[in-house]
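Colleague: I've got a model open on my screen and I'd like to learn how to read it. Could you walk me through it, one feature at a time?

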Amino acid sequence: MKRLADDVGLSVTTAKTAGWVASRRLKEHRRPEVASYALHRAPANAEDDDEWFAAILTPPDGKAR
């Protein structure tokens, strides 16, 4: 993991977190064109896919994407 983190310029902790967030949803379900990594990370603990998609596709009140 350290070599991977070094190769992409991240700390080991950040690389592990990014891998965990990515593992929470299949690649075809991620929406980088709609939401940033940080927005994908926030609801990554959601067990229900419908809850996760709703969180990704609905910006907070009064906030733009």
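Colleague: What share of the residues of the protein chain count as buried?

Modeller: Keep in mind that this is a predicted model. A residue counts as buried when its relative accessible area is under 20%. Here, 17% of the 65 residues in the protein chain fall into that group. As for the surface, the chain exposes about 4,900 Å², and carbon and sulfur atoms supply 54% of that area.

Colleague: How many helices and strands are there in the protein chain?

Modeller: There are 4 helices and 0 strands. If you read along the sequence, you get the pattern α-α-α-α. For the overall dimensions, picture the C-alpha atoms filling a box of roughly 40 × 25 × 20 Å, taken along the principal axes.

Colleague: Can we zoom in on one residue? Where is Ala46 found, and is Ala46 buried or exposed?

Modeller: Ala46 is in the loop between helix H3 (37-41) and helix H4 (49-57). Its relative accessibility is 9%, so Ala46 counts as buried. Next, look at its neighbours: leaving out residues up to four places away in sequence, Ala46 touches Arg24, Arg25, Glu51 and Trp52. Take Arg24 as an example: Ala46 and Arg24 are 22 residues apart along the chain, with 8.9 Å between their C-alpha atoms.

Colleague: Which loop does Asp48 lie in, and how is Asp48 classed by accessibility?

Modeller: Asp48 lies in the loop between H3 and H4. Asp48 has 39% relative accessibility, so it counts as partly exposed.

Colleague: Why is Lys2 classed as exposed?

Modeller: Exposed means over 50% relative accessible area. Lys2 counts as exposed because its relative accessibility is 52%. Asp6 has 47%, so Asp6 counts as partly exposed.

Colleague: Which residues form the nonpolar patch on the surface?

Modeller: That patch is made of Met1, Leu4, Val8 and Leu10, with about 370 Å² of accessible area together. One of them, Leu4, sits in helix H1 (residues 2-8). Leu4 counts as partly exposed because its relative accessibility is 48%.

Colleague: Last one! What is the volume of the largest pocket, and which residues line it?

Modeller: The volume is about 170 Å³. Lining residues have an atom within 4 Å of a pocket point. Among them here are Val21, Ala22, Arg24, Arg25, Tyr37, His40 and Trp52. Helix H2 (12-23) and H3 each supply at least two residues of that lining.

Notes. Residues numbered from 1 in each chain as written. Predicted model: local features only at pLDDT ≥ 70, side-chain atom pairs only at ≥ 80, totals over all residues. Heavy atoms only, no water. Patch = residues over 30% accessible without salt bridge, like charges linked within 9 Å, V, L, I, M, F, W, Y side chains within 5 Å. Areas by Shrake-Rupley, 256 points an atom, 1.4 Å probe, with all protein chains shown as cover. Salt bridge = Lys/Arg side-chain N within 4 Å of Asp/Glu carboxyl O. Buried < 20%, exposed > 50% of the residue type's maximum accessible area, 1.4 Å probe, protein only. Contact = heavy atoms within 4.5 Å. 1 Å grid on protein atoms, 1.4 Å probe; cavity = no way out; pocket = protein on both sides within 12 Å on 5 of 7 lines; lining within 4 Å. Points joined across faces, edges and corners; volume = space filled by probe spheres on them.
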